[in-house]
Every structure is written in C-alpha cells, then in structure tokens.
Amino acid sequence: MLAKCLIINVLRLIIVILFFIAFLNITYTARHSFATVLKRGGAKTSYISESLGHSNLSVTEHYLAYFEKEERIRNAQLLTNFNL
C-alpha cells in the first residue's frame, strides 16, 4: 500500500514538472512573438523593453539581436537553397 502511494506521488510530481516546463515554453514563445511583432512593426526598443518588463535596455537589445541573427540565418538558407 505504501509503495502504491509513493508511486502515485512520484507520478504526480512528474506531471507537475512537465506542466511547468510546458508553461515556461509557452510564455517564452509568447514573449518572443510579442517582441518580434513590435520590432518588425517599427516600435522603439525602449517601448519593447518596458513592455517586456526588462530592467535594463541592454537586456532587450541583446534579446532582439538574437532574433535578428535567427532571421539572417533563415534568409541565408533561403538564398542558398538551390533544390528546385
């Protein structure tokens, strides 16, 4: 009986951990999309920084630079994809 309760509690813990990881991924994706849409729409970095709750503008600049790097890599792959 004790072993059964222990197994159930471990399974509950695993489920909670998986939901927490999923939640972190969802919020990261939402923030990523929000910042990208604002940046592409011409919003000032200071506004994006304030909207994301960053305490320092350099954090936002670093965050947005990563997105720009991803976009440059994706565009380079499109330009070099010769599989017609």
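Predicted model: local features only at pLDDT ≥ 70, side-chain atom pairs only at ≥ 80, totals over all residues.
Me: How many residues does helix α1 have, and how far does α1 reach?
Reply: Helices here are DSSP runs (H or I, at least four residues; strands are E, at least two), numbered from the N terminus. The expected span of a helix is 1.5 Å times one less than its number of residues. α1 has 39 residues and spans 57 Å from first C-alpha to last, close to the expected 57 Å. Just after α1, Gly 42 has a positive phi of about 95 degrees.

Me: And how far does α3 reach?
Reply: α3 has 23 residues and covers 33 Å between its first and last C-alpha, close to the 33 Å expected. Asn 56 caps the N-terminal end of α3, with a side-chain oxygen 3.1 Å from the backbone nitrogen of Ser 58.

Me: At what angle do α1 and α3 pack?
Reply: Two packed helices are described by the angle between their axes and the distance between the axes. Axes are lines fitted to C-alpha atoms, for helices over the stretch in contact; angles run from 0 to 180 degrees between N-to-C directions. Under 35 degrees counts as roughly parallel, over 145 as roughly antiparallel, 65 to 115 as roughly perpendicular, and the rest as oblique. Helix α1 (residues 2-40) and helix α3 (residues 57-79) pack at about 80 degrees, with axes 11 Å apart. α1 and α3 are therefore roughly perpendicular to each other.

Me: Which residues make that contact?
Reply: Contact means heavy atoms within 4.5 Å. From α1 come Tyr 28, Arg 31, His 32, Ala 35, Thr 36, Lys 39 and Arg 40. From α3 come Tyr 63, Leu 64, Tyr 66, Phe 67, Glu 68, Glu 70, Glu 71 and Arg 74. By class, the contact of α1 with α3 has 6 nonpolar, 2 polar and 7 charged residues. Ala, Val, Leu, Ile, Met, Phe, Trp, Tyr, Cys and Pro count as nonpolar; Asp, Glu, Lys and Arg as charged; the others, Gly among them, as polar.

Me: Where do the axes of α2 and α3 cross, in degrees and Å?
Reply: The axes of α2 and α3 come within 9 Å and cross at roughly 100 degrees. That makes α2 roughly perpendicular to α3. α2 contributes Thr 45, Ser 46, Ile 48, Ser 49 and Leu 52 to the contact, and α3 contributes Leu 57, Thr 60, Glu 61, Tyr 63 and Leu 64. The residues of this contact of α2 with α3 divide into 5 nonpolar, 4 polar and 1 charged.

Me: Which residues of α1 and α3 are buried?
Reply: Buried means under 20% relative accessible area, exposed over 50%, partly exposed in between (1.4 Å probe, protein chains only). In α1, Ala 35, Thr 36 and Leu 38 are buried. Their cover includes α2 and α3. In α3, Thr 60, Tyr 63, Leu 64 and Phe 67 are buried. The buried residues of α3 pack against α1 and α2 (45-52).

Me: Is His 54 buried or exposed?
Reply: His 54 lies in the loop between α2 and α3. His 54 is buried, at 18% relative accessible area.

Me: Which polar contacts do the side chains of His 54 make?
Reply: A polar contact is a pair of N or O atoms within 3.5 Å; within protein, one must be able to donate a hydrogen and the other to accept it, and residues adjacent in sequence count only if both atoms are side-chain atoms. The His 54 side chain has a polar contact of 3.3 Å with the side chain of Arg 31. Another, of 2.6 Å, joins the side chains of His 54 and Thr 60.

Terms used. Residues numbered from 1 in each chain as written. Heavy atoms only, no water.
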